[in-house]
Amino acid sequence: MLGRRSPLYGVNFARLFTIFGPARFQNEIIWKRNTGKSLMKRRLSNNHDVLLVYRKSEQSTWNEDAIYTPCDPLDLPEKTAQKYCHVDADGRRFTLDNLLNPNPNRPNLEYEFLGVRRVWRWTEERMLAAYEAGLIHQSGPGKVPRLKRYLDEMKGLPQSDVWTDILPLNSQAQERLGYPTQKPVALLERIIAASSNPGDVVLDPFCGCGTTLHAAHGLGRRWIGVDVSVQAMTVVSDRLRHNFPGIDFDVFGIPTTLEGALWLATADPFKFEEWAVSRIGAMHSGRYRGDGGIDGTFFFLSDRTTDSRGIVSVKAGRNLNPGMVRDLVGTLQRERQRTDDPTSVAVMICAHEPTEGMRREALSAGAVETFIGPIPAVQILSIKDVLAGATVRVPAMYDSLSAAAGGRRKARTSAGYADPAEISRQRQMLFSIPGGVGPSDTNAEVNAGQEVGLTNGSAF
């Protein structure tokens, strides 16, 4: 799907024509995202996204039934309401359809029925059965009987290439996770239901917060999700486990050993920063420069009813010193004043072992009281510790879905996702899609040119 303001719309449209050929283009679908009618001085307001539909071959799946939407008897289109204008004693809407045969030369179907002799569509036996079932209506003696077709027995209303019935996600939507371009599950369900069958594999090479994977799993499809963002893997994993308890899937392309983590810290410190923040269950700040000393945040319950904030600082280099901890303490004090939250804590994650001087500085920062007792105000974790199972010492730390829900309640503006413009400035982009990944490859280390990804266990 190409966004309404995407500068890549024309470029990608041309690329798709080159890849698939113009003969494979099926539809340009308009999804009305909102109803904004702000006055524009030089142009009309933007309120839609565009979906470009291509098919690989004539054998591609197309489920016609999936493009119908159920009729709402209380909100019918004008033409549908005029057509189904009759209502029976049970309150069911129906229309009267023709029972005459379009071919008058059918002697075997000519007979008298309810006092009217005609060439009918059905045999006399079938007509009698329909009459006894209450499906034949005669408005008066000698009038030509007609067939009652009920609205609730129809497939529904067929969709056009303009979709206005799927609402966007507002700021308080239960689905909303704070991802900048998040789409509603209903939108992806319609796309997947129309273009695939249960058991088919759905690939989303830019899976973001996992809406496609959520919809695919709910519809009984297998799936593969890929994204350049390590943070996305944490959010999607939390989302899938929350909505489908007991779900089985593999995450690959991110470090699982100390050697892999140290390689990433050297090869791409920004990507290491994002991975380290997500590894302890926090949310990345979405910035790689000018972040005010805060690489990530998390939330936890400090007194059973109040959520407090934790900030995270990541150090990927080998040169570590106590001054880094003192800087983090200063950042923590600033954030406590800004948020009026004296129980906020800070965590420093180091790729290499911190010095004793750093640990002493952390201890000198004191502790905060929580309902489980005092916890260190400043905590230091090495990646070696984290991979061995060490975690942040806080009570009831929120996962990404709980944090998003808390953000909706408090109207937090920080989304916790990398700004696409910031991602584009990174030194290394990992844009190739690994293929043919089998069970033995699912714990592979990060390698140059490989994205992070998820796959449900039955996909291969």
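Helices (H or I, at least four residues) and strands (E, at least two) are DSSP runs, numbered from the N terminus. This is a predicted model, in which local features need pLDDT of at least 70 and side-chain atom pairs count only at pLDDT 80 or more, while totals for chains, interfaces and linings use all residues. Residues are numbered from 1 along each chain as its sequence is written, and side-chain values use heavy atoms, with hydrogens and water left out.

**The chain as a whole**

Let us start with the overall picture. The chain holds 13 helices and 22 strands. Of its 460 residues, 43% are buried; here buried means under 20% relative accessible area, exposed over 50%, and partly exposed in between (1.4 Å probe, protein chains only). Contact means heavy atoms within 4.5 Å, and among the contacts with a separation of 6 or more, 63% join residues 24 or more positions apart. The chain exposes about 24800 Å², with carbon and sulfur atoms supplying 51% of that area. Accessible areas come from the Shrake-Rupley method with a 1.4 Å probe, and for residues only the protein chains shown count as cover.

Next come α7 (residues 258-267) and α8 (residues 269-279), which pack at an angle of about 135° with their axes 5 Å apart. Axes are lines fitted to C-alpha atoms, for helices over the stretch in contact, and angles run from 0 to 180 degrees between N-to-C directions. The pair is therefore oblique, given that angles under 35 degrees count as roughly parallel, over 145 as roughly antiparallel, 65 to 115 as roughly perpendicular and the rest as oblique. On the α7 side, Ala261, Leu264, Ala265, Thr266 and Ala267 take part, and they meet Pro269, Lys271, Phe272 and Trp275 of α8. The residues of this contact comprise seven nonpolar, one polar and one charged. In this scheme Ala, Val, Leu, Ile, Met, Phe, Trp, Tyr, Cys and Pro count as nonpolar, Asp, Glu, Lys and Arg as charged, and the others, Gly among them, as polar.

**A helix with a buried face**

Helix α10 (residues 356-364) buries Gly357, Met358 and Ala362. Viewed down the axis of α10, its buried residues fall within an arc of 140°, so they line one face of the helix; the arc is that of the directions from the helix axis to the C-beta atoms. Their cover includes α9 (322-339), β18 (345-350) and β21 (378-382). Glu356, Arg360, Leu363 and Ser364 are exposed on the face of α10 turned away from the buried side. Just after α10, glycine 366 has a positive phi of about 85°.

Most residues other than glycine have a negative phi.

Valine 53 sits in strand β2 (residues 48-54) and is partly exposed at 27% relative accessibility. Its C-alpha atom is 6.3 Å from that of glutamate 28, 25 residues away along the chain. Leaving aside neighbours within four places in sequence, valine 53 is in contact with Arg24, Phe25, Gln26, Asn27 and Ile29.

Threonine 69 belongs to strand β3 (residues 68-69) and is buried, with a relative accessible area of 15%. Beyond neighbours within four places in sequence, threonine 69 is in contact with Lys155, Gly156, Leu157, Gln159, Asp165 and Arg190.
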